[in-house]
2 protein chains.
Amino acid sequence: MDEQTRSKSITIYDIAKEAGVSSATVSRAISGKGYVSETKKIQILDLVEKYNFSPNTFAQNLKTGFTKTIGFIVPHIGNMYFASVYYEFEKWASSHGYMTILLNSKGDYEVESKLLYSLKEKRVDGIVMMGGRMDAVELSEEYIREIREIKDLIPFVSCATMAERFGCAAVYTDDGKGVELLMTHLKSKGYNSIYMFGGGDEFYPAYLKKKYAYEFGKKLGMKVTVNWLTPNMNFDYRSGYIGMKMLLEKPLEAEVFCGVNDYVAVGARDAALEAGLRVPEDIAFVGFDDIGEETVLPTHITSVSPCYDVFGKKVFTTLHKIMQDKKPHDMKTSLIKPELKLRKSTK
Amino acid sequence: MDEQTRSKSITIYDIAKEAGVSSATVSRAISGKGYVSETKKIQILDLVEKYNFSPNTFAQNLKTGFTKTIGFIVPHIGNMYFASVYYEFEKWASSHGYMTILLNSKGDYEVESKLLYSLKEKRVDGIVMMGGRMDAVELSEEYIREIREIKDLIPFVSCATMAERFGCAAVYTDDGKGVELLMTHLKSKGYNSIYMFGGGDEFYPAYLKKKYAYEFGKKLGMKVTVNWLTPNMNFDYRSGYIGMKMLLEKPLEAEVFCGVNDYVAVGARDAALEAGLRVPEDIAFVGFDDIGEETVLPTHITSVSPCYDVFGKKVFTTLHKIMQDKKPHDMKTSLIKPELKLRKSTK
DNA sequence: CTGAAAGCGCTTACAG
DNA sequence: CTGAAAGCGCTTACAG
């Protein structure tokens, strides 16, 4: 990083001089846009190789107005659900020449706003926002306006449930389908009752799963008990653990306990094990999101998996399409089909 | 993203015109560098506020040569060790006006090289690299040269063990201290034998922990058995799980089983539980890295924690210092003092 | 304290 | 197919 090293940086003009052409021709040869004679092209590209030259991104950006950068906001980077979508998304983005900036809103509304602002400032070409405020069932007028403004300014894809409410492109898992898959399987294994819990019901990802389970249970002839609106319930391990402790004080109301995500399910399972119950002989657990990558940290929980590869790809292609269009885009919603991963927390 | 919206973007000239000053004065007023009369300054800043103006980063970068961007390479984003250091680092970086790009090398050597190249291309102001190849005990001449080249070009901090070998700034946890803390505690709880396993011994983070444990065990009068060079051993859950399965086929060689990290320890613990052993009554488990954030997904494993807050901050301040200096920096190594987190996997 | 001017390194109509 | 030239939006010596 010393001055000399920095300033030695080669430019398009150095290449042009050595090749005996103009900088415009070098630019055309490198970008592949516009005509350049085969001879000169080869000559220039050789020089590029020789000096290991790459065009200055900032000069390009300044000129073209594009940054080839995408901002990706998640509420919690440690949550494997978000990490997995990001991971798959990034593969596609980078293979298309985009660099992705991962940002953590910590689930904090103010931080989220600040991040959105800083991405605007950085003039990113696109924004992906996962979960957070956008998942909330009830929204303030002001927040809706904030999101509408940003999505009119910068290509924007939300991975929040029901995000079409904001008039933006949305990609999220089909929870209705997920619940159906899960309950059909449980029924086929001879289970006849299920208890839905965890999560904040003020957020769709919790609310809808419970609602769908309730409805689908009727159709299936399964008894569904829903734990609605328990205070301090959340999407984390602790909620599942504490919730289950309380449930264990009374006779069990169901054969299967379903967390709104795997973190809740794992917490509940641990509480049950601690109480001396056998899983799955005495009690079964299921969850959503498939957070336990086998080689990293398996949960052993039967789970509805979002198919992260399909998910991440869909998010990228959706955003990419919007970035390509010049005109404001039609809002478009894509539902990702989930699949069931069977593990030893159920029969 | 439509053309109109894009081009409406306001510049320093618009502000200058409305304030009746030159663009130079506006620039000075905004950056706070150079003299501007109080009256004009206030007037300009009001306009900035009014139009929600922020200077075009690319024009700034092009002019100044700085990008205010840092590249952060990790081998696996799903590993909570890397995720936690990143998380803490990013807090400091962003509070100093730096944007951090997180990149995943997937532990692949070629990908790592490509990422390094792309960061050079992006002209980031600094690079942090965690683990990966740099952790290897044996290195090719070529790789050493590659790292030396990049660190001479761009401010560079490595979080690999023994990274001072590359002549670059290094920040990593003090494994010697960690082993000492752990074993002293175990001894005080009445444990007299420990079995060290997991990891690839071709990497320092595994090799050194085993070595230190062996040495420190002598001093403490504890029996230390070290599982060296087991093929296919790694830093993941599966290694711990499979490794423990094999160990359980014979009479146990120790009271405590220590994984080179928590993933290994959790895998081993699960194998023991499956075999019907009680933890910690029949067998105890310990690990390193403290990957189980309590509210997210607790491991319940007693662990040597790197103190992520101190770690992340140190990485940033080290990098920041190098970025400030004009001259090539002295290589500097900082060891992070670990602390012990007691959990129910030990007495 | 302030402005005119050069220049950062590209891209892209435009005119040949 | 090619080059001269303008311009993207800033910053910063330089000269007042």
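Visitor: How many bridges join strand 1 (residues 69–74) of chain B to strand 2 of chain B?
Guide: This is a predicted model. Strand 1 and strand 2 of chain B run parallel. One bridge pairs Val74(B) with Asn104(B) of strand 2. The number of bridges between the two strands is six.

Visitor: What is the handedness of the crossover from strand 1 of chain B to strand 2 of chain B?
Guide: The two strands of chain B are parallel. Between them the chain passes through helix 6 (residues 80–95) of chain B, making a β-α-β crossover. Its hand is right-handed.

Visitor: Which residues of strand 2 of chain B point the other way from Met99(B), Ile101(B) and Leu103(B)?
Guide: In a regular strand, side chains alternate between the two faces of the sheet. Met99(B), Ile101(B) and Leu103(B) point one way. The other way point Thr100(B), Leu102(B) and Asn104(B).

Visitor: How many residues of strand 2 (residues 99–104) of chain B are buried?
Guide: Buried calls for 20 or more other C-beta atoms within 10 Å. Strand 2 of chain B is mostly covered. Residues pointing either way from this strand are buried. Of its six residues, the buried ones number six.

Visitor: Where is Lys106(B), and is it exposed, partly exposed or buried?
Guide: Lys106(B) lies in the loop between strand 2 and helix 7 of chain B. Lys106(B) is not a glycine, yet its phi is positive, about 55°.

Visitor: Is Asn52(A) buried or exposed?
Guide: Asn52(A) sits in the loop between helix 4 (38–51) and helix 5 of chain A. Its phi is positive, about 55°, although it is not a glycine. Asn52(A) has 10 other C-beta atoms within 10 Å, so it is exposed.

Visitor: Which helix of chain B gives the largest share of the side that touches chain A?
Guide: 42 residues of chain B are in contact with 43 residues of chain A. Several elements of chain B supply at least two residues each, including helix 1 (3–7), helix 6 and strand 2. The largest share is five residues, from helix 5 of chain B.

Visitor: How many residues on the side of chain B that touches chain A are nonpolar?
Guide: That side also has eight polar and 13 charged residues. The nonpolar ones number 21.

Visitor: Which residues come nearest to DNA strand C?
Guide: The surface near DNA strand C has ten nonpolar, twelve polar and five charged residues. Helix 3 (23–31) and helix 5 (57–64) of chain A, and helix 3 and helix 5 of chain B, each supply at least two. Of the 27 residues around DNA strand C, the nearest are Ile12(A), Ala24(A), Ser27(A), Asn56(A) and Ala59(A).

Visitor: Which residues come nearest to DNA strand D?
Guide: Helix 3 and helix 5 of chain A, and helix 3 and helix 5 of chain B, each supply at least two residues of the surface near DNA strand D. Of the 27 residues around this DNA strand, the nearest are Ile12(B), Ala24(B), Ser27(B), Asn56(B) and Ala59(B).

Visitor: What is the omega of the cis peptide bond joining Val279(A) and Pro280(A)?
Guide: Most peptide bonds are trans. The one joining Val279(A) and Pro280(A) is cis. Pro280(A) lies in the loop between helix 12 (262–274) and strand 9 (284–288) of chain A. The omega is about 5°.

Terms used:
Residues are numbered from 1 along each chain as its sequence is written. Chains are lettered from A and ligands numbered from 1 in the order in which they are written. This is a predicted model: local features need pLDDT of at least 70, side-chain atom pairs count only at pLDDT 80 or more; totals for chains, interfaces and linings use all residues. A residue is buried if 20 or more other C-beta atoms lie within 10 Å of its own, exposed if 12 or fewer, and partly exposed in between; C-beta atoms are placed from the backbone. Helices (H or I, at least four residues) and strands (E, at least two) are DSSP runs, numbered from the N terminus. Two strands pair if DSSP finds at least two bridges between them. A crossover is right-handed if, with the strands pointing away from the viewer, the path from the first strand over the helix to the second runs clockwise. A residue is near a molecule or strand if its C-beta atom, placed from the backbone, lies within 6 Å of it. Ala, Val, Leu, Ile, Met, Phe, Trp, Tyr, Cys and Pro count as nonpolar, Asp, Glu, Lys and Arg as charged, and the others, Gly among them, as polar. Two residues are in contact if their C-beta atoms, placed from the backbone, lie within 7 Å.
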